[in-house]
Amino acid sequence: MMIPTLLVISFIVFVIIQLPPGDYLETYIAELESQGESVDPDKIAFLRKEYGLDQPFMVQYFTWISGFVSGNFGYSFEYELPVRDVVGDRIWLTVLVSFVTVLFTWAIAFPIGIYSATHQYSWGDYGLSLLGFIGLATPNFLLALIMLYLANIWFGTSIGGLMDPRYLDQPWSWGKFKSVLEHMWIPVVVIGTSGTAGMIRRIRANLLDELEKQYVLTGKAKGLPPGRLLLKYPLRMSMNFFISDIGSLLPSIISGAEVVAIVLSLPTTGPMLLTSLQSQDMYLAGTFLMFLAMLTVIGMLVSDLLLAWLDPRIRLQGEMVQ
Amino acid sequence: MNKEHYVSEAPFDPQSIERMTAGQEQYYMASRRRLIWWKLKRHKLAVWCGAILFMMYGTTLISEWIAPYYYQTRHTGHIYSPPQQLHLFHEGEFMGPFVYGNDTRLNMETLGREYVPNLEKVEKLRFFCSGDSYKFWGIVSSDFHFICPAEGSTMFLLGTDRLGRDLFSRITYGARISLLIGLGGITVSLFLGLLLGGLAGYYGGWVDSVIQRLTEIIRSFPELPLWMALSAILPVTWSPLLIFFGITVILALLDWTGLARSVRSKLLALREEDYCTAARLMGARPGRIIKRHLLPGFASHIIASATLSIPGMILGETALSFLGLGLRPPITSWGVLLNEAQNINVVALYPWLILPVVPVVIIILAFNFFGDGLRDAADPYK
């Protein structure tokens, strides 16, 4: 199921990056000529041939996608380097930031959601819900800006970026790793806020539904202590939902991660995606878009697998079909 | 002995036991729309948020009257002027609303301009006055304003930007675009959602599976990067107005999936209801069944979910314009205004420039609460 989805997505991505009128080479030649420089015809011919820019649309698509599968993401016109070299660590840093954000969202949303559901209509419930709503309504990028400002005043550290400047372009080491961890909390908190708010609401609604069911009443009637009752039955039921909810959480986290990365100028995919879109550097932009889509699709696959592992009903049903 | 069977002398009334109270009768006889209204009214928060939304949209009709200045008027002597506070009392004496005039001086250390309120200069506001001239909705020329600064002075309630333009006026004008783009986007996406969801739900079969796959794929894509990519396509040569429509359509293109989904599932569920089967057995045509029996059944749900997806669009426009990929000046929206606050140094020096975020947060919250209330009320028989 995953591969056809990815194929359709890759086609959509390719259509989008192809849509702007003209191709990059035309812009590039015009730019060079306007500066009075001569164009190296060999290079143009090489690029044209490499990407089949003079060939029909479908042929270009197949050239691109077959290269993509074998790890050749194309050539970035602006940097005059293969996309793979331009991208470098960025993709892994994006994965890291997104992963930590998901963990953060869970760690915050889960206890609050449980508290809100078990203390429905209490002051705590109202207060936490309101806080969650404000998190939902404040645009991510502004929260990032405000945090940047506050962190600058309070801590005086350089908050922008994901690591200390001296570790840039350095190979991975323990020091670099620690520096990344130190810098990561701001983007994680900022990106996580809106996702957390939504998640709290959904967990609360879901757990409330479970709490109304009869087996809870039966448990209570038989004298199970409330904590044990909650832990043993309704919570396990809503765990299912909790895992499957990653499907709606991931796209929003990745969206948020992009804008926040632009504001905080993190060395992830965000800022480069923006510039590549603006300069119509199509293969670079296409790689980023494709990669972000892949990240969500794989994330959903993982959540499906987790769900099957957690819930015997789903697992057994799947086996019966086979 | 033959005993006669007892029969009561009182006249027979079949409803004597089941008679309803006046309140119950009103409830059972009320139309669906009335029931929804009653249920919504019980949800206090939703009603308040509805009122706020109504007011906000109301102001966009008369932005020109509310704003004290035209949104492009530059006050070159008042660049980056901080917000001026509104006062009522001067030295313990009631004066009516007024501001203290600012004195400008150059700070020789930072080489920046500083504005200091001068407690001598009491500048009373004028009401229902003539000020900057403008074209009302771009058509009728006028210079009427609800509030103006005192003659020959200035009043910047929320400060000014780098060109000395009044931020309050700009936020008022920006509301028109930001709020309209939500409505415009939802109209397009409602159309798409009804059409595709309706097709999927009514025909079923392979049409359904194709549309279902399509929605799944679009939903699995992170929205914002795709929005960014699509709005980067819009040609630079387009006029700001065309860009506005382009952005509206782009926002809608990724948003219809949720609506299509709920239309489809509602259609599938309602199709199996008894009253639908009854209508079919009585020989009603599909067109009549859809219009007469199905549409009223899910219209309220659709309106509720549409309301809940408007804030996403408003946030989308704000984010795009903030990044410089969305609307372009001279069109002014909240996102365009926030674009000026992109730089951390600007925010540190002139924090009032991030004020446009306040109406954004209010509108998003109001739409969320109102939509929640609507969704609860949409099914009044529960």
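What share of the contacts in chain A with a separation of 6 or more is accounted for by residues 24 or more positions apart? In this predicted model, such residues account for 71% of those contacts. Chain A contains 16 helices and two strands. Of its 322 residues, 36% are buried.

The interface between the two chains was examined next. On the chain A side, 34 residues are in contact with 29 residues of chain B. Six helices of chain A each supply at least two residues of this side, namely helix 1 (2–18), helix 7 (123–137), helix 8 (140–154), helix 13 (246–264), helix 14 (269–278) and helix 15 (282–310). The largest share, seven residues, comes from helix 15 of chain A. By residue class, the side of chain A that touches chain B comprises 28 nonpolar residues, five polar residues and one charged residue.

The largest nonpolar core holds 145 residues. Those that touch the most other members are Phe141(A), Ala144(A), Val260(A), Ala285(A), Met228(B) and Leu323(B). Helix 15 of chain A gives the largest share of this core, 13 residues. In chain B, domain 1 (76–165) and domain 2 (169–378) both contribute residues to the core, which therefore lies between them. With neighbours within four places in sequence set aside, the contacts of Ala144(A) are Val190(A), Val260(A), Val263(A) and Leu264(A).

Helix 12 of chain A spans residues 234–244, and its buried residues are Pro234(A), Ser238(A), Phe242(A) and Ile243(A). Viewed down the helix axis, the buried residues of helix 12 of chain A fall within an arc of 160 degrees and so line one face of the helix. The elements of chain A that cover these buried residues include helix 9 (174–211), helix 10 (214–221), helix 11 (226–232), helix 13 and helix 15.

In chain B, strand 4 (residues 126–136) and strand 5 (residues 140–148) run antiparallel and are joined by seven bridges. Within this pair, Arg126(B) stands opposite Cys148(B) in strand 5 of chain B. The two strands form a hairpin with three residues between them. Trp137(B), in the turn, has a positive phi of about 50 degrees.

Methods
Residues are numbered from 1 along each chain as its sequence is written. Chains are lettered from A and ligands numbered from 1 in the order in which they are written. This is a predicted model: local features need pLDDT of at least 70, side-chain atom pairs count only at pLDDT 80 or more; totals for chains, interfaces and linings use all residues. Helices (H or I, at least four residues) and strands (E, at least two) are DSSP runs, numbered from the N terminus. A residue is buried if 20 or more other C-beta atoms lie within 10 Å of its own, exposed if 12 or fewer, and partly exposed in between; C-beta atoms are placed from the backbone. Two residues are in contact if their C-beta atoms, placed from the backbone, lie within 7 Å. Ala, Val, Leu, Ile, Met, Phe, Trp, Tyr, Cys and Pro count as nonpolar, Asp, Glu, Lys and Arg as charged, and the others, Gly among them, as polar. A nonpolar core is a set of buried Ala, Val, Leu, Ile, Met, Phe, Trp, Tyr and Cys residues joined through C-beta atoms within 7 Å. Domain bounds come from an automatic or database domain assignment. The arc is that of the directions from the helix axis to the C-beta atoms. Two strands pair if DSSP finds at least two bridges between them.
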